Every structure is written in C-alpha cells, then in structure tokens.
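Colleague: Hey, I'm new to this one. Can you walk me through it?

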Amino acid sequence: MGREAIHTEGESMQVMRVAILGFGTVGQSVARILVSGKGGLQLTRVFNRNVERKQVGWVPNTVDWTENIDEVFTSDVDVVVELIGGLDPAGPWIQRALMEGKSVVTANKQVIANDGGRLSELAAVKGVCLNFEAAVAGVVPIISSIRNGLAADNLHRIRGVLNGTCNFLLTKMSASDASFDEVLAEAQDRGFAEADPSADLDGVDAQAKLSILSAVGLRRPINPHEIACRSIRGVGRLDFEAAGLLGCGIRQVSTVELTEEGDAVRAEVGPAMVNLRSRVAQVSGNENVVVVDGISCGEVTLIGQGAGGGPTAVAIVSDLLAIAAGDGAPNLFPSVRSSYQVGTMGRRLHYIRVPEPQSAARILSDLGVEATRTLKGQGGQVQFVTDGCTTEAVESALKLDATTRGNRAENYVVLPIID
C-alpha cells in the first residue's frame, strides 16, 4: 500500500492513513488514541451520517469529515476502520474497501461470523489485511494469541464469558439487591450496554463471537445461527441465592468443543451456574474471559475488559499498529467453505426453578430423573437440581408443563451446572 513520508527533526517515517467509519462511543475512543500521536498512524477521514452533529473540536482540522462514503473509498487512505456495526451496509463496505486495495480493521462480529472466510480470502488476493481482534472479546487478545502463541497446538475446546454487558449485569445483581432493570440502566449509563440490549441479553452477540472462535481456534467454521442460544432474561434474586448455596456463580457462558470424532462441534451460549473454583466464574463487571484447551498446552486463560469504548479501541488500534509494522493477520479462516455440523451439549446436572410443586413433579417425571437437591423459594416456587440430562430435554419438559398448566414461560428458569 502507498504510504506518505513525513519529516520530523531531519528524520522521515512512513505514515499509514486511517479512515474511521462510525463516530459513536468506540469510534471516538479510537480517534482519541490516534490523535494522541501513535507512531506511524494518522487519522485523515471520519465518516458518519449527519456528520456535522458529530464533529468535535479536539480532532485536528487536518481531518476531513464526510457523510459521503464514496469519498472514503476514492481517497488515499490506507486502512478503513469499520465501526458502524450490523451486516448491511457494513459487509458491502468492508468488501468494497478490500476491493479498492485498502486494509480493514473491524469490531463487527456479525460480518466476520457470517462472511469472514470469504472476506479474508479477498483480502489475501488483494494483498491487504482484514484484522478483527476487537470483534471477539474486547481488549482480550484471543485472536492474536491463537495466531501467534497457540498455533502449534491442536485446540479442542474454547469456553468463556464473551459478553461484557451480560457479565456486568449478572455480577452486579449477585452482589446487590438491585433489580434487573436497575442494573441494565446503570450499564447503559456507563456505556456497557446499547440502548437496545437484546443482542447482548439474548446471546446473539456471543453467538457470533463463538462462531468466529470455532473457525479460527478449532479450525471448524460453523453457522452462528445453528448455535443453541438462551437468554439471561428471567434470572433473578432466588436464582442467585440458590447459586450461593450450591457454591456457584451465574454467568453467560459460551462453549464450543470438538466431538470425540472431530468431525463436528458442540456449541451453546446461555446462562449457567458455574463452580466458583472455575476461572469462568472469577470474572466480574464488564470483564471477559476465554479459556482455551489444547492437546499439548493444556488450559490457557485470558482475561480483560470486554465492553466499553476504551477497551475496544485498544484492540482496534493494536490491529492498526500490527498492519503498520507489516504484521497484519493472514487469512485465519480454514480454506474449507462448508460449515461443520453443530450439535448440543451432553447430559449434565441442571438447576431448575418452577412456579409450583406440581410442576417440579411433572418435569422430573417427564425427564425420567430424580432431584438431587430441592429448595423452597418465595411464593410457592420450587428450586431443585436434577440428575444428569440434556438441556434440550429440560427445556422441552418445561415448555410442556407451562402450556399444560397455563403458566407463563418466564416463570421457569433452567441453568446447566458447569464445573
């Protein structure tokens, strides 16, 4: 790519020109790092709709502001930082940037999960880079760790907390008497949650991230929409109290692992009770954790902030610095185009909360298992732990009971128990 030489005190250095698409919380955080003087990087363009309302005085007047995307692609920028999110128009714009011979750095997990393999191949053909560290776990350098530190091993499982918003909500609720809505409002005020947090709460965000980790880490590309996904909505005070009695914490856990034959994967995203001794249970606030299991390396754990403009911006600018140093990521996706089959987890213990004792008896009967421990909740609710069974069987039994008794589905809570 072409670079502009600038001269300072008799010395010259090559500068990589950067354009930012989207000037929201993350875009502004990226811009602040760039204008602070990171070596070799120069912010030259900012794109945003209704751009006049986004302009700020702390950005140098040498930066061009535009709401015309064509001006970005026809300019002399070397790298486009895509931060608008969503599949469209972000996906086509990433493709266009690559076609124009411009490298791309993105935090867009949906585009990478759904089209990362093809776009990475396009980048390789065009001799440019597509870097996406920030798309997976905020500031946690899991992509570069897999690429550089763990490349010699055969990984067979990746598990962790991949959504800082959900982790903030669940750990805050476990430590206080605040309601779900109160904690969610605080997360939004602090920039940890979007105005519409559905993608976070319902697991769609983590679902896409897990799909990327399956392709890059396990070398098994999978369709993100085939990953079993459950919402954290409905988890409440009684469940946190039960978790404490069982020596567990409650987290939104994402897991992908190879089957014994290695020809498919098992994957899921959803709230779970996690043994407090587990590294997955030991993250709090907006932190993420990724635990990688390899044949030779054993268990490797990475922890860091997973939500907020600052942590995400650090991952983005780190990708920019890697490209400027000539160390941009190669195509990390397997060459195979077809997706691998996605299965569900096997039998395990489950915590269940139901609205009445009759429901508990019926559900256990339908499952053909016994309760290993039973607790009495408020208002006649019953909490119990099952013998080993599948989550799918539990959810089917709960749905049948709710329909038969005329109860609302949100009055039932099921959490697999994970060591």
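This is a predicted model: local features need pLDDT of at least 70, side-chain atom pairs count only at pLDDT 80 or more; totals for chains, interfaces and linings use all residues.

Colleague: Is E15 buried or exposed?

Modeller: Buried. Five of the five residues in E15 are buried, so the strand is largely enclosed by the rest of the structure.

Colleague: Which way do the residues of E15 point?

Modeller: His 350, Ile 352 and Val 354 point one way, while Tyr 351 and Arg 353 point the other way. All of them are buried, Arg 353 included.

Colleague: Which way does E11 pair with E10, parallel or antiparallel?

Modeller: Antiparallel, over 11 bridges, with E10 spanning residues 248–258. As an example, Gly 249 has Val 274 in E11 as its bridge partner.

Colleague: What sits between the two strands of that hairpin?

Modeller: Six residues lie between E10 and E11. In this hairpin, Gly 262 takes a positive phi near 80°.

Colleague: And how does E18 pair with E11?

Modeller: In the parallel sense, over two bridges. Val 274 shows up again here, as its bridge partner in E18 is Ile 418.

Colleague: What about E9 and E11, parallel or antiparallel?

Modeller: Parallel, over two bridges, with E9 covering residues 228–229. Ala 228 stands opposite Glu 268 in E11.

Colleague: And how many bridges join E11 to E14?

Modeller: Two, and E11 and E14 (residues 342–343) run parallel. Arg 266 stands opposite Gly 343 in E14.

Colleague: On to helices. At what angle do the axes of H6 and H10 cross?

Modeller: Roughly 10°, and the axes come within 11 Å. H6 is residues 142–149 and H10 is residues 204–217. Angles under 35 degrees count as roughly parallel, so H6 is roughly parallel to H10.

Colleague: Which residues make the contact?

Modeller: On the H6 side, Ile 142, Ile 143 and Ile 146; on the H10 side, Ile 212, Leu 213, Val 216 and Gly 217.

Colleague: How many of those are nonpolar, polar or charged?

Modeller: The contact of H6 with H10 has six nonpolar residues, one polar and no charged ones.

Colleague: Now H1. Which of its residues are buried?

Modeller: Gly 27, Ser 29, Val 30, Ala 31 and Leu 34 are the buried residues of H1 (residues 25–35). After H1 comes Gly 37, with a positive phi near 105°.

Colleague: Last thing. What's the mean pLDDT of the chain?

Modeller: It's 91, and 96% of the residues reach 70 or more.

Colleague: Where does pLDDT stay under 50?

Modeller: Over residues 5–12. For that stretch, the model has seven contacts beyond four places in sequence.

Methods. Residues are numbered from 1 along each chain as its sequence is written. Side-chain values use heavy atoms; hydrogens and water are left out. Axes are lines fitted to C-alpha atoms, for helices over the stretch in contact, and angles run from 0 to 180 degrees between N-to-C directions. Helices (H or I, at least four residues) and strands (E, at least two) are DSSP runs, numbered from the N terminus. Angles under 35 degrees count as roughly parallel, over 145 as roughly antiparallel, 65 to 115 as roughly perpendicular and the rest as oblique. Contact means heavy atoms within 4.5 Å. Ala, Val, Leu, Ile, Met, Phe, Trp, Tyr, Cys and Pro count as nonpolar, Asp, Glu, Lys and Arg as charged, and the others, Gly among them, as polar. Buried means under 20% relative accessible area, exposed over 50%, partly exposed in between (1.4 Å probe, protein chains only). pLDDT is the predictor's confidence in each residue, from 0 to 100. Two strands pair if DSSP finds at least two bridges between them.
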